[in-house]
Amino acid sequence: MQKTVFITGASSGIGEACARKFAANGCRLILNARRADKLQTLAEALRQEFGTECHILPFDVRDREVARQAIANLPQEWAAIDVLVNNAGLALGLEKEFVGDFADWDTMIDTNIKALLSITRFVVPGMVERGRGHIINIGSVAGDVAYPNGAVYCATKAAVKTLSDGLRMDLVDTPLRVTNIKPGLVETNFSVIRFHGDTERAENVYKGIKPLTGADIADCVYFAASAPEHVQVAEILVLATHQASGSLTFRK
Ligand code: 8X3
């Protein structure tokens with residue numbers, strides 16, 4: 001599949017795994033994250049391993065004006081985006097809602113909801129014009145039901161579900177497709193970021209259970225993206241085997 005795929009938050013975790021998966025399947029990639037050097041390194045690695053053509057687009061997805069200009073000024077040969085993977089997102093903190101940290105809340109809301117909306121707003125009109133495109137949002141099991149101490153993060157992922165559903169409705173008279181991928185426990189730098197760099201606390205999250213990997217999620221993303229045009233994978237909820245919900249796991 002020779003598609004042009006735009007991935008936000010592509011420098012690590014699920015985003016990087018998606019970049020590898022699409023690259024391995026012959027796609028050309030627009031890679032976004034904040035750090036240009038990390039994107040450059042990834043682009044070079046993908047070029048060497050798979051011969052992938054990459055265009056790097058370093059910016060903070062929260063900066064709406066910068067995002068608008070970066071997307072509007074894409075070189076012509078990169079402007080026709082076929083697949084948008086709205087992956088950039090994060091959890092910060094794990095504490096009761098009534099004592100949560102305002103800065104953490106703002107960062108999660110600005111990234112997981114507002115930035116996802118901005119990027120969607122800047123990319124999707126072109127897809128509609130071309131009559132072709134697929135928006136794949138990275139949601140979470142956390143968006144289905146809240147779990148203790150995670151209310152704000154869960155709320156942002158509930159928003160991703162609602163925004164995916166709404167967009168699917170608003171595009172129902174077009175050939176475009178919208179998918180919400182809802183991972184459970186995935187071992188990436190997710191928990192290190194959530195706990196503000198406390199690696200010991202982060203490691204505990206995955207103790208006694210075999211978590212999913214970024215590559216497992218990338219497989220789901222690619223499954224949706226490579227389905228026949230008449231097949232719209234609306235959602236995929238994917239959990240670790242010893243996980244039954246956002247709050248229930250079995251650990252040895
Ligand atoms: C990631 C899944 O359950 O760690 O969104 O919040 S969880």
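I began with Ala79, which is partly exposed because its relative accessible area is 34%. For my own use I noted the cut-offs: buried is under 20% relative accessible area, exposed is over 50%, and partly exposed is in between, with a 1.4 Å probe and protein chains only.

A note on what I'm looking at: this is a predicted model, where local features need pLDDT of at least 70, side-chain atom pairs count only at pLDDT 80 or more, and totals for chains, interfaces and linings use all residues. Residues are numbered from 1 along each chain as its sequence is written, and side-chain values use heavy atoms, with hydrogens and water left out.

**Ala79, continued**

I found Ala79 in the loop between helix H3 (64-72) and strand E4. Helices here are DSSP runs of H or I with at least four residues, strands are runs of E with at least two, and both are numbered from the N terminus. I then looked up what Ala79 touches, leaving aside neighbours within four places in sequence, and got Leu74 and Arg130. Contact means heavy atoms within 4.5 Å. I also checked Ala79 against Arg201: they are 122 residues apart along the chain, and their C-alpha atoms are separated by 42 Å.

**The whole chain**

I stepped back and looked up the secondary structure, which comes to eight helices and seven strands. The radius of gyration is 17 Å, close to the 18 Å that the globule rule gives for 252 residues, so the chain is as compact as a globular protein of that length. That radius is taken over C-alpha atoms, and the rule is 2.2 Å times the number of residues to the power 0.38. Along its principal axes, the C-alpha trace spans about 50 × 40 × 35 Å.

How much of the chain is buried? I got 49% of the 252 residues. Next I looked at contacts with a separation of 6 or more, and 72% of them are accounted for by residues 24 or more positions apart. The chain exposes about 11900 Å², with carbon and sulfur atoms supplying 54% of that. Those areas come from the Shrake-Rupley method with a 1.4 Å probe, and for residues only the protein chains shown count as cover.

**Ala19**

Is Ala19 buried or exposed? Ala19 counts as buried, because its relative accessibility is 0%. I placed Ala19 in helix H1 (residues 13-24). Not counting residues up to four places away in sequence, it touches Ile7, Leu29, Leu31, Leu42 and Leu46. I also compared Ala19 with Phe190: they sit 171 residues apart in sequence and 17 Å apart in space, C-alpha to C-alpha.

**Asp165 and Arg168**

These two went on one page. Asp165 counts as partly exposed because its relative accessibility is 22%, while Arg168 is buried, with a relative accessible area of 16%.

What joins their side chains? I found a polar contact of 2.9 Å between Asp165 and Arg168. A polar contact is a pair of N or O atoms within 3.5 Å; within protein, one must be able to donate a hydrogen and the other to accept it, and residues adjacent in sequence count only if both atoms are side-chain atoms.

Arg168 has another entry: a polar atom of its side chain lies 3.0 Å from the backbone oxygen of Ala234. Ala234 also turned up among the contacts of Arg168 beyond four places in sequence, along with Val178, Thr179, Asn180 and Gln232. For Asp165 I looked up Ile7 as well: they are 158 residues apart along the chain, with C-alpha atoms separated by 20 Å.

**Ala88**

I found Ala88 in the loop between strand E4 (83-86) and helix H4 (102-130). Ala88 is buried, with a relative accessible area of 18%. Leaving aside neighbours within four places in sequence, Ala88 is in contact with Thr8, Gly9, Val61 and Thr111. Ala88 and Ser11 are 77 residues apart in sequence and 9.7 Å apart in space, C-alpha to C-alpha.

Most residues other than glycine have a negative phi.

Asn149 is not a glycine, yet has a positive phi of about 70°. I found Asn149 in the loop between strand E5 (134-138) and H5, and it counts as partly exposed at 32% relative accessibility. His196 is not a glycine either, and has a positive phi of about 50°. His196 lies in the loop between helix H6 (190-194) and helix H7 (199-205), and counts as exposed at 55% relative accessibility.
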